[in-house]
Amino acid sequence: MTDAELLHQFTSRQDEAAFRALVDRYTGLVYHTAWRCTSDAELSRELSQSVFTLLAQKAARLDAGQGLAGWLHRTATLAAHNARRRETRRLRAMN
């Protein structure tokens, strides 16, 4: 099945198996994108969960035909950069 078909099944029928198929398909991409930005395995796992949670929330508004992989990559990159910024601010506040 294509990403668009899986996303449609998830949004129209609340088909958890379709969403699981997308997660299985893109977990590696999302995790490794986050890891390249953070070099932190635990944080990358947390960010991956956040990205897929966001996907579930926004699935009805996304057009998978426009490139779900690209959306996931951009979202993971932004989430990782935001996490690094928060950590930098936290460390500065401690000093």
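**Figure 1. Contact of helices H3 and H4 in the predicted model.** Leu43, Leu47, Val51, Phe52, Leu54, Leu55 and Lys58 of H3 are in contact with Leu68, Trp71, Leu72, Thr75, Ala76, Ala79, Ala80 and Ala83 of H4. Sorted by class, the residues of this contact comprise 13 nonpolar, one polar and one charged. The structure shown here, as in every view, is a predicted model.

**Figure 2. Crossing of H3 and H4.** The axes of these two helices come within 10 Å and cross at roughly 130 degrees. The crossing of H3 with H4 is right-handed.

**Figure 3. Contact and crossing of helices H2 and H3.** On the H2 side, the contact is formed by Phe19, Leu22, Val23, Tyr26, Thr27, Val30, Tyr31, Ala34, Trp35 and Thr38; on the H3 side, these meet Ala41, Leu43, Ser44, Arg45, Leu47, Ser48, Val51, Phe52, Leu55 and Ala56. The axes of H2 and H3 come within 8 Å and cross at roughly 135 degrees, which makes H2 oblique to H3. The crossing of H2 and H3 is right-handed.

**Figure 4. The largest nonpolar core.** This core contains 24 residues, and those with the most contacts inside it are Phe52, Leu55, Leu68 and Leu72. Two or more residues come from each of helix H1 (3-13), helix H2 (16-38), helix H3 (41-58) and helix H4 (68-94). H2 gives the most, with eight residues. In soluble globular proteins, nonpolar side chains tend to be buried together.

**Figure 5. Surroundings of Leu55.** Leu55 is among the residues with the most contacts inside the largest nonpolar core. When residues up to four places away in sequence are not counted, Leu55 touches Leu7, Phe19, Leu62, Leu68, Trp71 and Leu72. Leu55 also takes part in the contact of H3 with H2 and in the contact of H3 with H4.

**Figure 6. Asp63 in the loop between H3 and H4.** Asp63 is located in the loop that lies between these two helices. Its relative accessibility is 48%, so Asp63 counts as partly exposed; a residue must be over 50% to count as exposed. Although Asp63 and His8 are 55 residues apart in sequence, their C-alpha atoms are 9.3 Å apart in space.

Note on methods: Residues are numbered from 1 along each chain as its sequence is written. This is a predicted model: local features need pLDDT of at least 70, side-chain atom pairs count only at pLDDT 80 or more; totals for chains, interfaces and linings use all residues. Side-chain values use heavy atoms; hydrogens and water are left out. A nonpolar core is a set of buried Ala, Val, Leu, Ile, Met, Phe, Trp, Tyr and Cys residues joined through side-chain atoms within 4.5 Å. Buried means under 20% relative accessible area, exposed over 50%, partly exposed in between (1.4 Å probe, protein chains only). Helices (H or I, at least four residues) and strands (E, at least two) are DSSP runs, numbered from the N terminus. Contact means heavy atoms within 4.5 Å. Axes are lines fitted to C-alpha atoms, for helices over the stretch in contact, and angles run from 0 to 180 degrees between N-to-C directions. Angles under 35 degrees count as roughly parallel, over 145 as roughly antiparallel, 65 to 115 as roughly perpendicular and the rest as oblique. A crossing is left-handed if the near helix is turned anticlockwise from the far one by less than a right angle, and right-handed if clockwise. Ala, Val, Leu, Ile, Met, Phe, Trp, Tyr, Cys and Pro count as nonpolar, Asp, Glu, Lys and Arg as charged, and the others, Gly among them, as polar.
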